[in-house]
Each structure stands twice: as structure tokens, then as C-alpha cells.
Amino acid sequence: MTATTLARQSFFSELAPTCAAARRHLAPDVCRDSRLLAWVLMPDHGHWLVQVGDGDHLASIMNRIKSATARAYNEEARRTGALWARAYHERLLRGGDDVRAAARYLVANPVRAGLVERVGDYPFWDAVWIGDRNSRVV
């Protein structure tokens with residue numbers, strides 16, 4: 001799933017509020033029985049690779065991610081108002097699709113955007129196959 005910030009503003013260029021947003025979307029109440037496999041917060045958008053749990057829907061997951069990250073970001077940044085644009089984009093992976101390849105592509109966004117030279121140099125991403133990176137992010 002991909003969502004852009006409101007008017008493509010570079011909200012996620014500010015360290016402390018972005019850390020707060022990253023911590024919040026990792027909380028168990030956000031994904032519930034779905035699983036966040038990989039994610040990256042770019043300056044003006046975010047990408048999430050989610051394994052949808054039983055009884056959940058992508059739209060509900062996206063709503064929870066957007067709501068939770070916006071509240072955390074706004075609280076830390078001492079701002080009010082919308083953070084995310086209303087729409088989002090989804091691409092469903094099929095049975096034959098390589099989930100790890102999709103995750104590698106997703107987390108390499110900062111490299112392709114020219115923000116860093118190596119994925120590991122960018123602080124706002126994670127993938128379940130990496131281990132415990134969360135302590136570095138937040």
C-alpha cells in the first residue's frame with residue numbers, strides 16, 4: 001500500500017515527529033491480526049507491505065495506519081490537522097509473487113530517490129526478515 005502526505009508536503013523530513021509516527025504504526029493495535037511485513041516512510045509518502053489477517057481489509061488497515069501515525073506525528077510536532085491525503089494505492093501480490101523481492105523493492109525507495117546511497121543509511125524503514133531494527137528507528 002502507498003499513501004501520500006497532504007499536498008505532498010515533506011512531513012517526514014522532521015526527525016522527532018517521524019520517529020513518533022514510525023513507533024505508532026508498529027503498535028499491535030494498528031495491524032491487529034494482520035502483519036506488517038515491510039514499510040518505509042519517505043519525506044512525502046509511505047509504503048507498507050501487509051499480510052492481511054482473517055476478517056481484516058486493506059482499507060481498514062490503511063485507515064488505522066494513517067490515523068495512528070497522524071495522531072503521533074501531530075502530537076510530537078505540536079500541530080493539528082490532516083497529515084495524509086485521502087486516497088491510497090494498493091497492489092495485491094498473488095501466489096506466485098516473491099514477497100521478499102517486493103519488500104526489497106519497497107525499502108530501497110530512499111536509494112532510488114537519491115536520499116541515501118545504501119538502504120541501511122536511511123532510518124525510517126523495516127522488514128520482518130531483518131530482525132530487531134526498531135530500536136534504531138525509534
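Visitor: In what order do the 4 strands of the open sheet lie, and is their pairing parallel or antiparallel?

Guide: Welcome! Strands of a sheet pair through backbone hydrogen bonds, either parallel or antiparallel. In this predicted model, the order is 1-3-2-4, and the pairing is antiparallel. At the edges you will find strand 1 (2–4) and strand 4, each of which pairs on one side only. On average, neighbouring strands of the sheet are turned by 15° against each other, direction ignored.

Visitor: Which residue is the bridge partner of W39 in strand 4?

Guide: That partner is D126. Strand 2 and strand 4 pair over 3 bridges, in the antiparallel sense.

Visitor: Which strands does helix 1 touch where it packs on the sheet?

Guide: Helix 1 touches strand 2 and strand 3, and its direction makes about 165° with that of strand 2.

Visitor: Let's turn to the core. Which residues of the largest nonpolar core touch the most other members?

Guide: The general idea is that in soluble globular proteins, nonpolar side chains tend to be buried together. Here the largest nonpolar core has 37 residues, and M1, L41, W48 and W84 touch the most other members. Among the elements giving two or more residues to this core are helix 1 (15–25), strand 2 (35–42), strand 3 (45–51) and helix 3 (58–77).

Visitor: What does M1 touch, leaving aside residues up to four places away in sequence?

Guide: Its contacts include W48, V50, L58, I61, M62 and I65, and also H89 and E90.

Visitor: Now the rings. How many aromatic pairs are there?

Guide: The count comes to 5 aromatic pairs. One is formed by F11 and Y73, with 5.7 Å centre to centre and 70° between the planes, an edge-to-face arrangement. F11 sits in the loop between strand 1 and helix 1 while Y73 belongs to helix 3, so this pair ties together parts that are 62 residues apart in sequence. Both F11 and Y73 are buried.

Visitor: Why is the pair of Y122 and F124 called edge-to-face?

Guide: Look at the angle between the ring planes: over 60 degrees counts as edge-to-face. The planes of Y122 and F124 stand at 85°, with the ring centres 6.1 Å apart, so the pair is edge-to-face. Y122 counts as buried at 7% relative accessibility, and F124 is buried with a relative accessible area of 6%.

Visitor: Which residues form one aromatic cluster?

Guide: F11, F12, W48, Y73 and W84 do. You have already met W48 and W84 in the nonpolar core.

Visitor: Which residue lies over the face of Y105?

Guide: That is R112, at 3.7 Å from the ring centre.

Note on methods:
Residues numbered from 1 in each chain as written. Predicted model: local features only at pLDDT ≥ 70, side-chain atom pairs only at ≥ 80, totals over all residues. Heavy atoms only, no water. Core = buried A, V, L, I, M, F, W, Y, C linked by side-chain atoms within 4.5 Å. Buried < 20%, exposed > 50% of the residue type's maximum accessible area, 1.4 Å probe, protein only. Contact = heavy atoms within 4.5 Å. Pairing = 2+ DSSP bridges. Axes fitted to C-alpha atoms, helices over the stretch in contact; angles between N-to-C directions. Phe/Tyr/Trp six-rings, centres within 6.5 Å; stacked < 30°, edge-to-face > 60°. Lys NZ or Arg CZ within 6 Å of the ring centre and 35° of its normal.
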